[in-house]
Each structure stands twice: as structure tokens, then as C-alpha cells.
Amino acid sequence: AMITLRQLLDHAAENGYAVPAFNINNMEQGLAVMNAAAATDSPVILQASRGARAYANDAVLAGLIQGLSRAFPDIPLCMHLDHGNGLATCATAIQNGFTSVMMDGSLQADGKTPADYAYNRDITARVVEMAHACGVSVEGELGVLGSLETGMGDQEDGHGAEGRLSEDQLLTDPAEAEQFVKDTGVDALAVAMGTSHGAYKFTRKPDGAILAMHVIEEIHRRLPNTHLVMHGSSSVPEDLQQIINAYGGDIRPTWGVPVEEIQRGIKSGVRKVNIDTDNRLAMTAAIRRKLSEEPAEFDPRGYLKPAMAMMSEVCKARFEAFGTAGHA
Ligand code: G3H
Ligand code: 13P
Ligand code: NA
Ligand code: ZN
């Protein structure tokens, strides 16, 4: 059944777990998540970016959500808009059956320019008023994602802040977070503490200097009842990098967010953990291997089925590691 983000994360908070939010763009990714949820008895957050909506077509995506929720009637399913950039994107997501929207006002509507506090507060408050009137939840974001190693926003994969950012921008200010939640009434708050989107987050296994989990702990002390969200939380598993590279791929050496660090966050109010890259890597690894081992294969089902299965394994591992399993 469909459920809002607020309902789902309230339950997660009461029971001390977090829910991974997996990005989907197509049927295979949707089924991969739902199959993993069914296998582990987990509630689900599926999220679609503006890019996903453009890729899949809003009407097709709306049908997919309905189909997945009917095919898995026992799995609580939240459909969430990832990185909405204004009132209209959030409103059209709601019209298409999303039960939750993210208004990312940390950047201006161009998705590249860091926004000031007043802009973020005002646009987010307007989205909250509109969405709550429709019975839909809202995630806001305070602080800009980017690398504490380089000071760069995560433009590499085509979205995020452009150019150099100060540590001030890269780390959410706990006092400002308190004010922002009060000013906007968001159901969940995404915070910045050194993660970035995509595969190239860290050039080494991250420590406290480049992955500032203490910021989350401080925000949780001030906002014990606010559901916190970690973006850019793929772990970028080395075994998936290796499979891709063994079958003709080219992934440069890189590190993601260790699962233990996410588990530390879950002890401090993190209830939603955004993961896209790990699933992209899993599908690509499976497809590269399959087509390399069986060059005569040309039925898409022949390589999409193993791709779905490999993505499902990643999802199952996250449901188990975040304590989501058993809570459907
Ligand atoms: O925000 C980042 C997610 O990984 C979605 O990526 O905008 O390429 O669909 P996308
Ligand atoms: P990753 O690129 O680390 O998977 O992050 C995804 C994300 O934050 C989507 O909003
Ligand atoms: Na989101
Ligand atoms: Zn994100």
C-alpha cells in the first residue's frame, strides 16, 4: 500500500531504524527494489529525480508506481520526488501519485547556484503548505553537497553546485537547521556533511576530516524529533568496481560512504538514506559480465534479468544493514 514519508519515518524513528531511498528510472529498477523488499520484509522508499521523470515519462512512471504497489500489496511504499527544484515540479509529482516530495532549496532553481537562507526558507515553506494540503510529505535540504577534500560541488555527474564551496556551505550549521525546521515545517531534513553524489566521493577511505558525521550528531542533539536524511550515501563497493573493470569498464579508484558510518548516523536520527550509484554500479557490473561471457546474447531480458538480480542483492544488503528488514 502507498504510505507517506512522514508515516514511514515516524515508524522508523519509533523503532530505531532507517529506510534506504533507492532511485529508480525504469521497471527493472522498480522491480529490483520491490523484490528485495519482499525477500526481507522491508518497507520501501522509491524516488525519482527530475531526470528520471523526463527519461521515463510522468504518465508511464505514474502507472509503474501503481503497478508496483498492486503487485506487492503487503509492502508499505513511499513514492518520493528526489531534488525537486520548485513549486511546479513538486505539484506535478503530487498529481502523478507521489506521496512525498523533496524541495531542494539549498540550490537556486537552476540546480547549480547555492541559495541563501531566505530563498530556501521561503520556497520550502510554500511547498510544505501546498504538499501538506494534499496529504503529501516534504523533505527539505539545508547545506550544499560537495567534497570537503576538494571544496568542489558535485557537478561531475551533471547536477549539484557549480564551482568552489566554503566549508561553511559544505557543512550544515546545526543552529540554522533548528531555525529552518521551525520556519518551514518540513517532515524530514537533508543535511550536508561531506558526502556528494556519484561514484567519486572520496579519494581515500573517509575519516572524520572528510566525512563529518559529528555534524549529524550535533543536529540530532538540537532536533531530536526531526527525521534526518543522508544524500550521496552510496558505499561504492570495491567488488562492483572490480567486476566492471574486469569486463571492459573504466571506474577510477574511489571510495564511498562506509556502511558503518551510515549505521552511526542511524543512531543519531538518520531515517532516510539516499542510494543511487551503488545500484547503477550493480546493474552495469551484471550487464558487462553477461554480455562479455555470452556475446551471442541479444534478448534484453537475457542481460536485464541478471542486472535486476545484482541490484536486488545491493538493496537486500542495505535493508539488512539499516535495520529496515522485518518492518514491512
Ligand atoms: O540526485 C542524484 C540522483 O542520483 C539522481 O540522479 O539526476 O542523474 O537521475 P539523476
Ligand atoms: P549516491 O550517488 O551516493 O547514490 O546518492 C544518491 C542521492 O543522494 C540521490 O538523491
Ligand atoms: Na530526496
Ligand atoms: Zn541527493
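**Close-up 1. Helix 10 passes helix 12 in a left-handed crossing.** Helix 10 covers residues 238-246, and its axis sits 8 Å from that of helix 12, at an angle of about 35 degrees. Axes are lines fitted to C-alpha atoms, for helices over the stretch in contact, and angles run from 0 to 180 degrees between N-to-C directions. Helices (H or I, at least four residues) and strands (E, at least two) are DSSP runs, numbered from the N terminus. From helix 10, L240, I243 and I244 meet L281, A282, T284, A285, R288 and R289 of helix 12; contact takes C-beta atoms, placed from the backbone, within 7 Å. Sorted by class, that contact has six nonpolar, one polar and two charged residues. Nonpolar covers Ala, Val, Leu, Ile, Met, Phe, Trp, Tyr, Cys and Pro, charged covers Asp, Glu, Lys and Arg, and the others, Gly among them, are polar.

All views come from a predicted model, where local features need pLDDT of at least 70 and side-chain atom pairs count only at pLDDT 80 or more, while totals for chains, interfaces and linings use all residues. Residues are numbered from 1 along each chain as its sequence is written, with chains lettered from A and ligands numbered from 1 in the order in which they are written.

**Close-up 2. Helix 12 meets helix 13 in a right-handed crossing.** Helix 12 (residues 277-293) and helix 13 (residues 300-321) pack at about 145 degrees, axes 8 Å apart. Helix 12 brings D278, N279, A282, M283, A285, A286, I287, K290 and L291 to the contact, and helix 13 brings G302, Y303, P306, A307, A309, M310, M311, E313 and V314. The class tally for this contact is 13 nonpolar, two polar and three charged residues.

**Close-up 3. The largest nonpolar core has 94 residues.** Such a core is a set of buried Ala, Val, Leu, Ile, Met, Phe, Trp, Tyr and Cys residues joined through C-beta atoms within 7 Å. V33, V101, L189, V191, M193, A282 and M311 have the most contacts inside this core, and helix 13 gives the most to it, with seven residues. Leaving aside neighbours within four places in sequence, L189 touches G140, L142, A177, V181, T226, L228 and V229.

**Close-up 4. N23, S49, G51, A52, D82, H83, H159, H197 and D276 sit around ligand 1.** To be near a molecule, a residue needs its C-beta atom, placed from the backbone, within 6 Å of it. Helix 3 (50-56) and strand 3 (77-84) are the elements that give two or more residues to this shell. Its classes come out as one nonpolar, six polar and two charged.

**Close-up 5. Ligand 2 has 13 residues around it, with H231, S234, N274, D276 and T277 coming nearest.** Strand 3 and strand 8 (270-275) each supply at least two residues of the shell. By class, one residue is nonpolar, 10 are polar and two are charged.

**Close-up 6. A328 lies in the segment after helix 13.** A328 is partly exposed because 17 other C-beta atoms lie within 10 Å; the cut-offs are 20 or more for buried, 12 or fewer for exposed, and partly exposed in between, with C-beta atoms placed from the backbone. A328 and A37 are 291 residues apart along the chain, yet their C-alpha atoms are separated by 8.1 Å.

Key
Left-handed = near helix turned anticlockwise from the far one by under 90°. Contact = placed C-beta atoms within 7 Å.
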